[in-house]
Amino acid sequence: MAEHAHELAPHHLPSFLPGADGSDPLMTIMTIVLIVGVILIGTFYLHLHSLPERLAHKHHRVQFELVAVLGLLALFTHNTVFWVAALLLAFVPVPDFAAPINSIAASLNRIANRTVTPSAAMASGEPEEGTGDAEVSSDPDVTQSPRTETNVSGVHARADVSPEGRDG
């Protein structure tokens, strides 16, 4: 390049100047740096947006799906409020309300399904807990009454009568 240069030009030209053939090494280097930089910044951005979801998954939170939806909303709408809410939900454990309520429901169901066997109720005068079926007598002369149940207040109710007192 120096042999074709003008006589008034300096003898040493900087390397970032384009050559006579049109090649531009600085533009080539900056293009590569720009492409790599955009890919790295995009990867960091997506990694940062998935942070609440990864935290909720790692700690096995109940609200994992809600955190994931809030993270996606924050990503697509660019509202940081959703991302902050997802991050807070990922860090704060939500108490399990379902387990105690299910336990209460199961206990009430056991209390409601207590049955009184007719032969035992007639013999002792007190209700006994059964398995849900009336005892069947082997004596053919004994007629079986309809199955009765004891509700929470201790009142005997017939199983074939609705609470209003009508059949059906």
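Predicted model: local features only at pLDDT ≥ 70, side-chain atom pairs only at ≥ 80, totals over all residues.

Residues are numbered from 1 along each chain as its sequence is written, and side-chain values use heavy atoms, with hydrogens and water left out.

Helices here are DSSP runs of H or I, at least four residues, numbered from the N terminus. H3 covers residues 64-77 and H4 residues 80-91; they pack at about 160°, with axes 8 Å apart. The axes are lines fitted to C-alpha atoms over the stretch in contact, and the angle, on a scale from 0 to 180 degrees, is between N-to-C directions. H3 and H4 are therefore roughly antiparallel, a label for angles over 145 degrees. The contact, meaning heavy atoms within 4.5 Å, involves Leu66, Val67, Leu70, Gly71, Leu73, Ala74 and Thr77 of H3, and Phe82, Trp83, Ala85, Ala86, Leu89 and Ala90 of H4.

Now histidine 49, in helix H1, residues 25-49. Histidine 49 is buried at 13% relative accessible area; buried means under 20%, with a 1.4 Å probe and protein chains only. Not counting residues up to four places away in sequence, histidine 49 touches Gly71, Ala74, Leu75 and Trp83.

Last, glutamine 63, in the loop between H2 (51-58) and H3. Glutamine 63 is also buried, at 9%. A polar atom of its side chain lies 2.8 Å from the backbone oxygen of valine 92.

Key. Helix = DSSP H or I, 4+ residues; strand = E, 2+ residues; numbered from the N terminus. Parallel < 35°, antiparallel > 145°, perpendicular 65-115°, else oblique. Buried < 20%, exposed > 50% of the residue type's maximum accessible area, 1.4 Å probe, protein only. Polar contact = N/O pair within 3.5 Å; in protein donor to acceptor, adjacent residues only side chain to side chain.
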